[in-house]
Amino acid sequence: MHKFMRTVGFSMYQRKQDMDRILRRLAKEGAGTQCLDEKDGGQLCEIRAEVAPGMGVVIVGRLSQRGTFRRDYYFPYVLSRDISSQADCSIQRHTERETYAGLLDEYRVGISLIFYIENSMEYRLRRLNRLSAVPAGARLTGLSVQGKILLPVNKTAKQLEASRLAATKRGSLLEAAKHGDEDAIETLTIEDIDAYSMVSRRILHEDMYSIIETCFMPCGVECDQYSVIGNILDVEVKQNRITKEDVYCLKLDCNDVTFTVAINKKDLLGEPRVGRRFKGQIWMQGTLDFAT
C-alpha cells in the first residue's frame with residue numbers, strides 16, 4: 001500500500017484487500033481520464049478520483065482491447081494554486097516505470113530540488129502530440145504522515161527586512177557562484193564560516209529552533225523526500241468525502257519558496273495557525289505548467 005494514502009484521508013485502510021476495494025470504487029467514480037495508445041493495441045489510462053477539491057488519488061493502468069482495466073500503480077496527490085518556482089527544470093524518467101521526476105535549480109533553497117511529477121501523463125501526451133514540453137513553472141506540494149507545530153521566532157520589522165535582504169543577496173551570490181564567479185564563491189565561503197561560528201556560540205544558551213527559523217533538507221534514502229521547517233502563511237481544512245477525515249493544507253514559506261503541505265489532522269501535533277511554523281518530513285510532488 002502507498003505510504004501517503006493516509007495523508008489524503010485514508011488512514012483507516014490498513015489491509016491490502018480493503019485498499020483494493022476502495023481503489024476499485026475510486027476507479028469507477030473517477031472524473032478525469034487521460035489515455036495513451038500503446039503499440040500492442042491497448043491503452044495506458046490515468047484516472048483521477050477527487051476525494052476533496054484539489055485532492056485525490058491517481059490510478060494508472062492498462063485498458064485492453066476488450067475494455068478490461070488492469071491497475072498498475074496508484075498514488076495520492078494534492079494540487080496547489082500557487083507557482084512555487086520558475087527556475088530551470090529538467091525532467092528525468094524513473095527506472096522502475098515510466099513516471100518522471102523534476103529537478104529544479106532553485107538558488108533560494110541552496111540545493112537542487114527533486115520532486116515527483118504528478119502530471120506526468122500530460123507531459124507524455126504533449127511529447128507524443130509534438131507540443132511544447134518545456135516547463136514554465138512548478139506548483140510544489142508536500143505530503144506528510146507526521147508533523148508538529150512550532151511557535152514562531154519573534155522578530156522586529158527591522159529584523160524581518162534584514163532577513164529578506166540577506167536572502168536576496170545570498171540567492172544572487174549562489175547564482176553567480178554557479179557561473180564560476182570566484183569572488184562570489186569566496187564570499188559564500190566566508191558567510192558559511194561566520195554562520196557556523198554564530199550557531200556554535202548561540203546553541204550553548206538558546207533553543208535550536210530559535211536559531212533555525214526555516215530549513216529545507218534532504219531526508220532519508222529517497223531523493224524526493226525532505227525534512228522541512230516553514231512559516232505557515234495560510235491554513236485550509238479539507239474533508240475526505242468518503243472517510244470524512246479532515247486534512248490540513250498548509251501554505252508554507254520555506255527559504256523564500258512557497259509551497260503547500262498536506263497532512264492528516266490525526267498526524268499533526270499542535271494547532272496550525274498563520275504565523276506559526278510547521279516541522280515535518282514530506283514527500284515532494286509538483287505540477288508542471290508548460291510553455292505554450
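Modeller: Happy to. One term before we start: contact means heavy atoms within 4.5 Å. Also keep in mind that this is a predicted model.

Colleague: Noted. What do the buried residues of helix 3 pack against?

Modeller: They pack against helix 4. The buried residues in helix 3 are Gly171, Leu173 and Ala177.

Colleague: Why do those sit on the same side of helix 3?

Modeller: Because they cover an arc of only 165 degrees around the axis.

Colleague: And which exposed residues are on the face turned away from the buried side?

Modeller: On that face of helix 3 you'll find Ala157, Leu165 and Thr168, which are exposed.

Colleague: How far does helix 3 reach from its first C-alpha to its last?

Modeller: Helix 3 reaches 32 Å with its 22 residues, close to the 32 Å expected at 1.5 Å a residue. Just after helix 3 comes Gly180, with a positive phi of about 90 degrees.

Colleague: How do the lining residues divide by type?

Modeller: For the largest pocket, 20 are nonpolar, 8 polar and 11 charged.

Colleague: What about the second largest pocket, what volume does it have?

Modeller: The second largest pocket has about 390 Å³. Its lining has 17 residues, with Arg97, Tyr116, Glu222, Asp224 and Trp283 the closest to the centre. Strand 4 (residues 69-78) supplies the largest share of that lining, 3 residues. By type, the lining of the second largest pocket has 7 nonpolar, 5 polar and 5 charged residues.

Colleague: And closed spaces? How many cavities of 30 Å³ or more are there?

Modeller: The count comes to 1. The largest cavity has a volume of about 80 Å³, and of its 13 lining residues the closest to the centre are Glu46, Val60, Tyr73, Ser120 and Met121.

Colleague: Which element gives the most there?

Modeller: Helix 2, with 3 residues in the lining of the largest cavity. That lining divides into 7 nonpolar, 2 polar and 4 charged residues.

Technical notes: Residues are numbered from 1 along each chain as its sequence is written. This is a predicted model: local features need pLDDT of at least 70, side-chain atom pairs count only at pLDDT 80 or more; totals for chains, interfaces and linings use all residues. Side-chain values use heavy atoms; hydrogens and water are left out. Ala, Val, Leu, Ile, Met, Phe, Trp, Tyr, Cys and Pro count as nonpolar, Asp, Glu, Lys and Arg as charged, and the others, Gly among them, as polar. On a 1 Å grid over the protein atoms alone, a cavity is a set of points where a 1.4 Å probe fits but cannot get out, and a pocket is an open set with protein on both sides within 12 Å along at least five of seven lines; lining residues have an atom within 4 Å of a point. Grid points are joined across faces, edges and corners, and a volume is the space filled by probe spheres set on the points. Helices (H or I, at least four residues) and strands (E, at least two) are DSSP runs, numbered from the N terminus. The expected span of a helix is 1.5 Å times one less than its number of residues. Buried means under 20% relative accessible area, exposed over 50%, partly exposed in between (1.4 Å probe, protein chains only). The arc is that of the directions from the helix axis to the C-beta atoms.
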